[in-house]
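Me: I have a model open and want to learn how to read it. Can you take me through it feature by feature?

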Amino acid sequence: MLPDYSVIGRRIRDARIEQNLKQEELADKIDVSVAFMSRVERGRSKINLKRLTQIAEVLNVSPGYLLMGSNVTAKDYLKEDFRQILEKCTPQQQKLIYQISELVSKTSFMNEDGEIIIEKENVRR
């Protein structure tokens with residue numbers, strides 16, 4: 001699947017406006033021309049990952065959000081996806097998904113040093 005640069009551009013523009021940045025200010029911060037930034041926001045220019053990452057950093061969003069529309073740092077970024085999945089499930093499947101989710105939510109995957117570990121709290125069965 002090829003990226004839709006007009007959608008990416010729209011997300012960049014929306015995030016820029018949310019940050020109260022002018023197009024000129026964003027262009028200056030990532031060292032590109034205003035004309036290029038305008039073309040990117042209108043989907044008229046392709047953008048490489050280096051520039052996309054720079055833009056994401058300035059706008060305080062994830063590159064994944066700009067590319068795919070999901071912000072993994074938002075608390076409810078998968079809420080709608082889960083809702084759609086649950087609607088297709090039987091009550092028994094929903095209960096299993098709930099139990100798995102409960103287990104995962106009570107599990108720590110990283111220690112203070114950022115190393116991945118698995119440490120379970122007491123989980124009711």
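**Reading the helices and loops**

Reply: Start where a helix stops. α1 is followed by Asn 20, whose phi is positive, near 55°. Helices here (H or I, at least four residues) are DSSP runs, numbered from the N terminus. This is a predicted model, where local features need pLDDT of at least 70, side-chain atom pairs count only at pLDDT 80 or more, and totals for chains, interfaces and linings use all residues. Residues are numbered from 1 along each chain as its sequence is written, and side-chain values use heavy atoms, with hydrogens and water left out.

Me: How far apart are the end C-alpha atoms of helix α1?

Reply: First the rule: the expected span is 1.5 Å times one less than the number of residues. Helix α1 covers residues 5-18, which is 14 residues, so it should span 20 Å. Its end C-alpha atoms are 20 Å apart, which agrees.

Me: Which residues of α1 are buried?

Reply: Buried means under 20% relative accessible area, exposed over 50%, and partly exposed in between (1.4 Å probe, protein chains only). An α-helix has 3.6 residues a turn, so residues three or four places apart point the same way. In α1, the buried residues are Val 7, Ile 8, Gly 9, Arg 11, Ile 12, Ala 15 and Arg 16. Their cover includes α2 (23-29), α3, α4 and α5 (63-68).

Me: Which residues touch the most other members of the largest nonpolar core?

Reply: A nonpolar core is a set of buried Ala, Val, Leu, Ile, Met, Phe, Trp, Tyr and Cys residues joined through side-chain atoms within 4.5 Å. The largest has 18 residues, and Ile 12, Leu 26, Met 37, Ile 55, Leu 59 and Leu 66 touch the most other members. α1, α2, α3 and α4 each give two or more residues to this core. α4 gives the most, with 4 residues.

Me: What is Leu 66 in contact with, leaving aside neighbours within four places in sequence?

Reply: Contact means heavy atoms within 4.5 Å. Leu 66 meets Ile 8, Arg 11, Ile 12, Leu 52, Ile 55, Ala 56 and Val 61 on that basis.

Me: Is Asp 31 buried or exposed?

Reply: Asp 31 is exposed because its relative accessible area is 64%. Asp 31 lies in the loop between α2 and α3. Its phi is positive, about 60°, although Asp 31 is not a glycine.

Me: Where is Asn 60?

Reply: Asn 60 sits in the loop between α4 and α5. Its phi is near 60°, a positive value in a residue other than glycine. At 58% relative accessible area, Asn 60 is exposed.
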